[in-house]
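Have the viewer open and follow along.

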2 protein chains.
Amino acid sequence: MRAVIPFKKSNAKSRLSSLLSEKERGEFALSMLRDVAGTLVSSECFSVVDILTTSLIDIENVNIVLAEKGLNEALNEYLMKMSSHSINEPVLIIMADIPLVSVNNIKDITASQSDVVIVPGRFGGTNAIFIRNPSSFRVDYYGASFLKHCDIAKGNGLVCEVFDSFNLSTDIDEADDLVEVLIHGRGRAARCLKSLGFGISDTKGRVGVKRDE
Amino acid sequence: MRAVIPFKKSNAKSRLSSLLSEKERGEFALSMLRDVAGTLVSSECFSVVDILTTSLIDIENVNIVLAEKGLNEALNEYLMKMSSHSINEPVLIIMADIPLVSVNNIKDITASQSDVVIVPGRFGGTNAIFIRNPSSFRVDYYGASFLKHCDIAKGNGLVCEVFDSFNLSTDIDEADDLVEVLIHGRGRAARCLKSLGFGISDTKGRVGVKRDE
């Protein structure tokens, strides 16, 4: 069984630019990636954890695969290469910005007997997808990819399961999302935000983040 | 085992007023309540499903309990009454605005052996809480209630579990949330929004809702 995390280093997490400088965003994105990669490695579910990235990064216990293309092209080429090399093992594609993911989440997803397990993010996104036979599936991210992935599975006659998880649905894209890392995170991403001076603010019943001046 | 759903009918879901009239908001809030109550009843986990409400409503297979007070006061009085009547059975407190909740979610929560199971919503909220011994706990909603409930459990020496669910974390409060009902909902709330002319919009990769003119 394999796992692959797509990762774009350049101008990472641009929607957080109201709160974080470019350097801080890079650092935070890398801390989230390390949380996700670390969880995959700790789960001991995978023979290989690949990071599909546009530029070299240094992370322990994973395999770096350079890819110049867009997300869909890079991932579909990755799936195709697995098929053409007759690597017919299941693969988990998982996003780099879901630092709350737990080892138990990974064990539960990969224990599924379904052909495809889709893990929704908010707004119709797909934050992880487990594909039992990589030659039988192609990905189509952006927009309501959750619905597109359900349709692709159905169109290919595959048994598809939806995996219900707050941890995995919580992709960290915008300022509002940071509070979830501070409240629920126990890993590098939470420590990164705290070291940058972020804390939880709770004024008039509206919970958000504040930053030390 | 009991379940209780707090529900406020008057001026329900005011944060949806940019998209829905007061009458429509009332109708939508009631459709979500019916989804949650229906799921609790279908789960067959409870001897009684109570709705703790400020005004009379007509819902099948549940028990209506009128309460004038605020959320915390009403729920803590409910827990205290259970204790004083020596009804020492476990109770699930669950919010009325999480229509994606499934029968399996309810079975999984109530199967827990922990003293308290806390189900987080976004922004530090608590969307459901399962209390094995009602006399041992009091609730403290608003703000980062998830953290407060964890602290209350810890302070009372209770074993506390966090239940990880996208379905249950998805409380429908704001315009942005409606798309989750349209994408993932299969019940009355989704049908209500569709009957009011709402559909999914997917422009430039940003998924939201649109309404027929």
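Helices here are DSSP runs of H or I with at least four residues, numbered from the N terminus. Keep in mind that this is a predicted model.

- Helix α1 of chain A covers residues 22-43, which makes 22 residues.
- From first C-alpha to last, α1(A) reaches 32 Å, close to the 32 Å expected at 1.5 Å a residue.

**The sheet in chain B**
- Chain B has an open sheet of seven strands with mixed pairing, in the order β3-β2-β1-β4-β6-β5-β7.
- At its edges sit β3 (63-66) and β7 (160-162) of chain B, each pairing on one side only.
- On average, neighbouring strands of this sheet are turned by 20 degrees against each other, direction ignored.
- Strands β4 (residues 91-94) and β6 (residues 126-131) of chain B pair in the antiparallel sense over four bridges.
- L92(B) has F130(B) in β6(B) as its bridge partner.

**Helices on that sheet**
- Helix α2 (residues 71-84) of chain B lies across β1, β2, β4 and β6 of chain B, at about 160 degrees to β1(B).
- Helix α3 (residues 103-110) of chain B packs on the sheet too, touching β4, β5 and β6 of chain B, and its direction makes about 135 degrees with that of β4(B).

**R122(A)**
- You'll find R122(A) in the loop between β5 and β6 of chain A.
- R122(A) counts as buried because its relative accessibility is 16%, and buried means under 20%.
- Beyond its neighbours within four places in sequence, R122(A) contacts S169(A) and D171(A), plus R122(B), F166(B), D177(B) and E180(B).

Methods:
Residues numbered from 1 in each chain as written. Chains lettered and ligands numbered in written order. Predicted model: local features only at pLDDT ≥ 70, side-chain atom pairs only at ≥ 80, totals over all residues. Heavy atoms only, no water. Helix = DSSP H or I, 4+ residues; strand = E, 2+ residues; numbered from the N terminus. Expected span 1.5 Å × (residues − 1). Pairing = 2+ DSSP bridges. Axes fitted to C-alpha atoms, helices over the stretch in contact; angles between N-to-C directions. Contact = heavy atoms within 4.5 Å. Buried < 20%, exposed > 50% of the residue type's maximum accessible area, 1.4 Å probe, protein only.
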